[in-house]
Amino acid sequence: MSESKTSEDFGTGAGGISKFTITNSFVFPLVMSHKEIAKPFIEAALGIKIYDLKEPEQEKTEQVSIFNKSVRYDVFTQQIDENGETISSFDLEMQVKDTKELPKRARYYQSVRDTHELHRGTMYKSLKDQYVLFICPDDIFGEDLPIYSFQNFAVENKDVALNDRTFKNFYIFNEYKKLPDAHPLKPYLKYFATNTADSTETEEIDTKVKWYQTDNQTQERYMTWEQEIQLAREDEREKERERSQKIIAEKDREIAELKAKLAEMQK
C-alpha cells in the first residue's frame, strides 16, 4: 500500500469490512499474503514457474534512513530455489487510483529494495531479479492494453537489453476481455474487475475474501490498521519536516560561509 492512497481506497464508511472486495487496500494484502494464493497469481502474471516462495509479508515497510522516504509494499515475497537460495523478489501492489506517479513509485520501490539487498562489500552481480507488479483498474498509459511489461532497452536498438534484471509490470483489470481466453491471468483480472470467480484459483481467492468479510478478528484488525495508517502518515509528515529543516540549515551554513569569504576578500 502506498502513502498516497486516500480514505476512499480503504473503503471506510457504511457497511464496513463486509462490503470490501479484493481490490480494497486492506483486503488485498490479507488475501495475497497466503502463499497458496500469491504463488499461482505470480506465475500467471509473469508466465514463469516458481519452485517455492518465502511466506509473503503484507504491508512490509522499508526505509534507507530517517532522512529518506519509507515505502510500504502491499505484499512482498521472494522466490527461493531447491537449495533455499533467494533468486528474485516480488512486490504486489493493488492501486485503484491513478496518482499520476506510479512509474516513479515503481522506480523508487526498486531502489529501496536494492539498497537493502546490497550490503557493504557486496558485489553488484549479487543483486537478484526484482519485480514490481501494479494491479490497476484503468489504463494509465492510454494504449488500450491489458498488460504493460517494462524493462530497460537501448533506445537505438530495442533488441539490446540492459539486463539489469528489474521489471515493472502493470496489469489493467478492466481490460481483461482483451486477453485470450487461454491466458492464465485472465480469470484473475476478470475477478478483480467483476468479483466473478470462475476458475479454481479465483474461487479460492473469493473464499478467502468472504471469510475475512465476516471474521470478527479481521474487523478488529481493520480498526487497528486504520489507526496505524494515520500514525504512518503523521510520521511521514514529521520526517518531511525534519528533511526540510536539514536542507534549510545546510543552506544557512553555505550562506554564512559565503558571507565570511566575501568579508575576508574586502579586508
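Predicted model: local features only at pLDDT ≥ 70, side-chain atom pairs only at ≥ 80, totals over all residues.

Modeller: Start with Asp74: its relative accessibility is 0%, under the 20% cut-off, so Asp74 counts as buried. Asp74 lies in strand β3, which spans residues 71-80. Its side chain comes to 2.9 Å from the backbone nitrogen of Met94.

In β3, 10 of 10 residues are buried.

Now the partners. Strand β1, residues 52-53, runs antiparallel to β3 and is joined to it by two bridges. There, Leu53 has Gln79 of β3 as its bridge partner. Strand β2, residues 57-62, also pairs with β3 in the antiparallel sense, over five bridges. In that pairing, Val75 of β3 stands opposite Gln58.

Next comes β4. Six bridges link β3 and β4, again in the antiparallel sense. Phe76 stands opposite Asp91 in β4. The two strands, β3 and β4, form a hairpin with five residues between them. Gly84 sits in that turn, with a positive phi of about 80 degrees.

Helix α5 covers residues 186-194, and its buried residues include Tyr188, Leu189, Tyr191 and Phe192. Lys186 and Pro187 are buried there too. After α5 comes Asn195, with a positive phi near 60 degrees.

Terms used:
Residues numbered from 1 in each chain as written. Heavy atoms only, no water. Helix = DSSP H or I, 4+ residues; strand = E, 2+ residues; numbered from the N terminus. Buried < 20%, exposed > 50% of the residue type's maximum accessible area, 1.4 Å probe, protein only. Polar contact = N/O pair within 3.5 Å; in protein donor to acceptor, adjacent residues only side chain to side chain. Pairing = 2+ DSSP bridges.
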